[in-house]
Amino acid sequence: MAKSVLVVGGGPAGLSAARALGRLGIKTILVEKTGTLGGNPIQNHYHTLIPRKLKPSQVLGPYIKDVESDPNITVKLNTELEACEGEPGNYRVRLSNRVRLSNGETHEVGAIVVATGFQHFDPRRKGELGYGIFPDVITNLELERMFSQEGKLYRPSNGQLPKRVAFVFCVGSRDRQLGVTNVHCCRYGCALSGLQGSEIREHYPDVDVFCYYMDVRTYGTWEYPFYWAPQEKYGVRYVRGRIAEITYSPADGRLRVKHEDTIVQRPSEVPMDLVVLVLGMEPAEGTKKVAKILGLAQDPDSQFLIPSEESGSNIVSNKPGIFIAGACKGPIDIESSLSEGEAAAAEAAAFIGAKVTV
Ligand SMILES: Cc1cc2nc3c(=O)[nH]c(=O)nc-3n(C[C@H](O)[C@H](O)[C@H](O)COP(=O)(O)OP(=O)(O)OC[C@H]3O[C@@H](n4cnc5c(N)ncnc54)[C@H](O)[C@@H]3O)c2cc1C
Ligand code: SF4
């Protein structure tokens with residue numbers, strides 16, 4: 001049996017899987033299709049992470065450093081899995097480098113960890129929300145970049161500080177109009193919006209912040225810091241209702257948020273200066289591609305990867321010797337992705353029968 005392990009995807013889940021395998025003394029190849037390790041939080045410049053309010057570099061930097069310096073781990077950036085042959089324990093994988101345009105290199109590996117993650121919902125698919133039409137309708141991802149790269153809050157249309165900011169929850173999530181692919185909850189959106197709204201109120205106390213929600217889902221211990229504290233400490237206002245449409249009024253140069261308030265049961269139209277769309281999570285294109293190459297089972301609705309029905313484990317795939325971790329299986333937070341990476345590493349090590357000392 002080949003004794004090395006291939007990890008596909010260099011985000012939180014893949015990094016932690018590779019780091020754990022390297023620490024166990026197992027030769028590991030980590031392939032990442034972009035030129036950067038760290039996955040979505042680093043590639044998309046997230047600002048402050050829930051729940052511990054740390055920067056992505058604080059959480060993921062130590063993993064990247066360990067992976068890059070471990071002699072047991074070979075990191076291949078700009079690289080993708082192209083093909084896989086052989087049998088469990090003796091997989092022959094072909095990798096191709098997207099920059100060097102090589103014909104590919106082949107490696108023998110005993111097991112594979114898939115950690116290819118998610119991609120953000122494209123809000124242009126919800127035309128009524130005005131994204132891509134009105135410059136002051138932005139995504140929460142763009143707000144993160146505004147904070148992390150430019151260090152200030154402004155209206156893209158004129159560079160001025162907004163007086164009123166609206167967060168629109170569940171864009172591309174829990175949405176039956178989009179079909180069964182997008183009915184799942186993103187899990188992070190309510191909590192992150194609570195944090196972003198609080199940050200806005202803390203730094204710009206004159207800016208009013210409104211959160212438009214269907215219902216607020218701040219899981220577990222996130223309830224106080226990211227739901228109650230935004231309201232009680234920072235004065236973020238929560239409005240229940242589904243947004244019907246976002247329009248623009250040339251008369252005052254402001255947006256109009258039209259919605260049905262489901263508590264008082266009447267329609268309303270509120271002027272806003274900046275609208276932030278809270279994006280859902282979908283399986284990454286890379287996840288779908290790898291699923292095809294490796295023959296991994298996908299949920300028929302969401303298309304995320306699903307574990308084997310027989311094993312009882314959340315990490316074991318339907319293919320022996322192939323393990324799945326992190327957001328390639330559905331919305332999940334970073335801490336859980338890191339833990340799943342370690343669990344997948346343990347499964348892979350056991351599968352190849354590695355004799356390890358810890
Ligand atoms: C806007 C937003 C903010 C968020 N903020 C937080 C937060 O504050 N706190 C929190 O806990 N969670 C947050 N999350 C969730 C968090 O992003 C995920 O938990 C985390 O990124 C999942 O890690 P992952 O490694 O599974 O996937 P990803 O981060 O998606 O990483 C997957 C990696 O695999 C690579 N890849 C994909 N396909 C291939 C392929 N075929 N071959 C090689 N490489 C491939 C990708 O390029 C990427 O680097 C947020 C999510 C969103 C959408
Ligand atoms: S976490 Fe909140 S914003 Fe995200 S889908 Fe669930 S309810 Fe909507």
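This is a predicted model: local features need pLDDT of at least 70, side-chain atom pairs count only at pLDDT 80 or more; totals for chains, interfaces and linings use all residues.
Residues are numbered from 1 along each chain as its sequence is written, and chains are lettered from A and ligands numbered from 1 in the order in which they are written. Local features need pLDDT of at least 70 and side-chain atom pairs count only at pLDDT 80 or more, while totals for chains, interfaces and linings use all residues.

The chain is divided into domain 1 (5-117 + 284-351) and domain 2 (122-280), with bounds from an automatic or database domain assignment. Their centres, taken over C-alpha atoms, are separated by 32 Å. The contact takes 14 residues from domain 1 and 20 residues from domain 2 (C-beta atoms, placed from the backbone, within 7 Å). On the side of domain 1 that touches domain 2, five residues are nonpolar, seven polar and two charged. Ala, Val, Leu, Ile, Met, Phe, Trp, Tyr, Cys and Pro count as nonpolar, Asp, Glu, Lys and Arg as charged, and the others, Gly among them, as polar.

Ligand 1 has 41 residues around it (C-beta atom, placed from the backbone, within 6 Å). G11, G39, G117, G286 and G326 come nearest. The shell holds 21 nonpolar, 14 polar and six charged residues. Each of domain 1 and domain 2 gives at least three residues to this shell.

The axes of α1 and helix α3 (residues 56-69) come within 9 Å and cross at roughly 45°. Axes are lines fitted to C-alpha atoms, for helices over the stretch in contact, and angles run from 0 to 180 degrees between N-to-C directions. Helices are DSSP runs (H or I, at least four residues), numbered from the N terminus.

Note on methods:
Helices (H or I, at least four residues) and strands (E, at least two) are DSSP runs, numbered from the N terminus. Two residues are in contact if their C-beta atoms, placed from the backbone, lie within 7 Å.
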